[in-house]
Amino acid sequence: MSTLAASSVVQRNGRAVAAEELAPLAFAGYAHFTAMQVRGGRIRGLDLHLERLRVASVELFGRALPGDRVRSYLRAALEGGPGDVSLTATVYSPAGEFTVAGAEVEPEVLVRTGPAASGPEGPLALAAVEHERMLPAVKHVGEVAKTYFLRQAVGQGFDDAAFVDRRGRLSEASIWNLAFWDGTAVVWPVAEMLSGITMTIVRRQLDRLGIPQRTQEITLSGLPALSGAVVMNSWTPGVAVHRIGAVPLPEAPSFVALLHRAYQAEPLTKP
């Protein structure tokens, strides 16, 4: 059996899913999800993932599944598999799209695992793109703009794209949060965006480590005053960014190392 097959599982509500059950979901765009790296069968920030799913379910469906049940679905997907995998848990309504399900319709959960990932090495160059996500606080599916702008950026010689809102503020990147360094403190951008789980883990561990942090509206014109930038997501707590648009940035390896140290300080928890 190949490594890919051995580490790949797809389950619906904690059990193996048949092809006919997956077919309607292949065209569905009204759902939300969370993605995580599992190491040794354990997950960093499990409480944050469960809370993300709860809040997003209430926002999209008007109700949420009990956290203990979601945890049981995660356990079922990990049981008997390798200790290190990538895992995505997607929550959707069985009523489907283009309908308003009543309170009696309970959301369902699709859990998929695959090979463990750690992200690119970097440093990365990001194109600056004017874009604002719909429902930015929800990690929802069907976001064609993310891949579209990624493709556009790569075609222009960049590695990925960073988003700039209508007020000229940098918010996030295609599948990444942004973080900056001023030489003393970690600087988090102020804009409408998704607060990533890795971002939240890093912020609370930096607090515990006594590392200064602050928030600030960050524009392209303000980048030269900063001493470094990274992107982060479920793959990694920090990949250096050496350019956004036409503006160069220092790679700041000590900043990247600090973020990785903070992330590693987060305990791993069994679901």
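This report describes a predicted model, its confidence, its helices and strands, and selected backbone and side-chain features.

## Basis and confidence

The model is predicted, so local features are reported at pLDDT of at least 70 and side-chain atom pairs at pLDDT 80 or more, whereas totals for chains, interfaces and linings use all residues. Residues are numbered from 1 along each chain as its sequence is written, and side-chain values use heavy atoms, with hydrogens and water left out.

The mean pLDDT of the chain (the predictor's confidence in each residue, from 0 to 100) is 93, and 97% of the residues score at least 70. Residues 1-5 stay under 50 in pLDDT, and for them the model has 2 contacts beyond four places in sequence; a contact means heavy atoms within 4.5 Å. Where pLDDT is low, the predicted coordinates should not be read in detail.

Helices (H or I, at least four residues) and strands (E, at least two) are DSSP runs, numbered from the N terminus. Seen in this way, 7 strands form an open sheet in the order β2-β1-β6-β5-β3-β4-β16, with antiparallel pairing. Its edge strands are β2 and β16 (268-269), each of which pairs on one side only. Two strands pair if DSSP finds at least two bridges between them.

Strand β4 (residues 42-44) is joined to β16 by 2 bridges, and these strands run antiparallel. In this pairing, Ile 43 stands opposite Thr 269.

## Helix α4

Helix α4 (residues 67-78) has 12 residues, which should span 16 Å at 1.5 Å a residue; its end C-alpha atoms are 17 Å apart, in agreement with that value. The expected span is 1.5 Å times one less than the number of residues.

The buried residues in α4 include Val 70, Tyr 73, Leu 74, Ala 77 and Leu 78. Here buried means under 20% relative accessible area, exposed over 50%, and partly exposed in between (1.4 Å probe, protein chains only). These α4 residues lie on the same side of the helix, because they cover an arc of only 135° around the axis; the arc is that of the directions from the helix axis to the C-beta atoms. They pack against β1, β3 (31-39), α3 (46-61), β5 (85-92) and β6. Just after α4, Gly 80 has a positive phi of about 80°.

Helix α5 (residues 144-155) reaches 17 Å from its first C-alpha to its last, close to the 16 Å expected for 12 residues at 1.5 Å each. Ala 145, Lys 146, Phe 149 and Ala 153 are buried in α5. Their arc around the axis is only 100°, which places them on the same side of α5. Val 144, Arg 151 and Gly 155 are exposed on the other side of α5. The cover over the buried residues of α5 includes β7 (124-130) and β8 (160-164). Just after α5, Gly 157 takes a positive phi of about 95°.

Strand β7 is largely enclosed by the rest of the structure, because 5 of its 7 residues are buried. It is joined by 3 bridges to β14 (residues 236-244), and the two run parallel; Leu 124 stands opposite Val 241 in β14. A further 5 bridges join β7 to β8, also in parallel, with Ala 127 opposite Ala 161. The chain crosses from β7 through α5 to β8 in a right-handed β-α-β crossover. Right-handed means that, with the strands pointing away from the viewer, the path from the first strand over the helix to the second runs clockwise.

## Backbone exceptions

Most residues other than glycine have a negative phi, and most peptide bonds are trans. The bond from Gly 122 to Pro 123 is cis, with omega near 0°, and Pro 123 is placed in the loop between β6 (108-115) and β7.

Asn 13, in the loop between β1 (9-12) and β2 (15-16), has a positive phi near 55° and is partly exposed at 25% relative accessibility. Leu 135, in the loop between β7 and α5, has a positive phi of about 45° and is partly exposed at 32% relative accessibility.

## A buried glutamine

Gln 205 is found in helix α6 (residues 197-209). At 4% relative accessibility, Gln 205 counts as buried. Not counting residues up to four places away in sequence, Gln 205 touches Ala 262, Ala 265, Glu 266 and Pro 267.
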